[in-house]
Amino acid sequence: MARPEQILVLEPQHELKFRGPFTDVVTATLKLTNPTDRNVCFKVKTTAPRRYCVRPNSGIIDAGNSVNVSVMLQPFDYDPNEKSKHKFMVQSLLAPYDMTDMEGVWKEAKPEELMDSKLRCAFEMPLENDKTTEHSVLPKSASASLDDGEVKKIMEECKRLQMEVQRLREENKQIREDDGLRKRKVTSVAASHSSGMATSAVRDEGLSTRVLAICVLLFVIGVIIGKLAL
């Protein structure tokens with residue numbers, strides 16, 4: 001049994017065009033329109049899934065509404081002599097009235113309920129004249145959009161930002177110097193404190209030695225006086 005014809009209206013219908021240069025992501029838009037009075041489920045598939053990012057790649061289109069699908073081609077080395085073999089397919093089916101699980105609907109769908117459309121991909125590089133026109137027009141339009149007053153304001157703002165950067169550099173330098181001075185002070189205080197403790201310990205040791213010597217001397221004198229008394 002032949003499949004029913006696609007009920008969604010695709011724009012473009014047969015070909016997705018990607019315009020270079022291809023050193024960055026290039027996006028093409030695919031518009032899906034549901035002209036019926038029923039909600040329609042859709043899926044977008046490709047023969048080169050690693051080369052494209054599709055958002056959204058599935059969903060539901062309400063009756064009478066449209067959805068824009070962004071097809072993003074990833075950067076690659078373009079060869080003008082190589083023809084693109086990439087293709088896309090848009091599958092659709094009428095959404096059940098009591099649908100709660102879209103993935104379940106796709107799994108349970110019968111082949112005769114599925115509708116699909118296929119699109120090929122085409123890569124185009126901009127002509128040299130287009131490049132020259134773009135590069136020549138952009139600076140002119142940009143300069144024309146700025147009057148003398150705006151240019152002056154921009155220059156003053158740049159000057160102010162440069163002065164602010166210089167001030168921050170000086171503050172940073174002063175903070176570093178203060179931090180170094182504080183560290184030296186802390187080191188000096190710690191060293192003097194350690195020296196004082198060592199001196200105090202030496203003094204205490206010397207005092208203890210003298211007291212012990214006096215005690216010994218008094219003991220010896222006491223012994224001698226005791227013997228003389230006997």
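In what order do the four strands of the open sheet with antiparallel pairing stand? In this predicted model, local features need pLDDT of at least 70 and side-chain atom pairs count only at pLDDT 80 or more, whereas totals for chains, interfaces and linings use all residues. Residues are numbered from 1 along each chain as its sequence is written, and side-chain values use heavy atoms, with hydrogens and water left out.

The order of the four-stranded antiparallel sheet is β1-β3-β7-β5; strands are DSSP runs (E, at least two residues) numbered from the N terminus, and two strands pair if DSSP finds at least two bridges between them. Its edges are formed by β1 (9–11) and β5 (52–55), each of which pairs on one side only. Three bridges join β1 to β3 (residues 26–33) in the antiparallel sense, and Val9 lies opposite Thr33 of β3.

A second open sheet has five strands in the order β2-β9-β8-β4-β6, with mixed pairing. Because β2 (15–19) and β6 (58–61) at its edges each have a single partner strand, one side of each is left without a neighbour in the sheet. Within this sheet, β4 (residues 40–46) and β8 (residues 87–94) pair in the antiparallel sense over seven bridges, and Lys45 stands opposite Met89 in β8.
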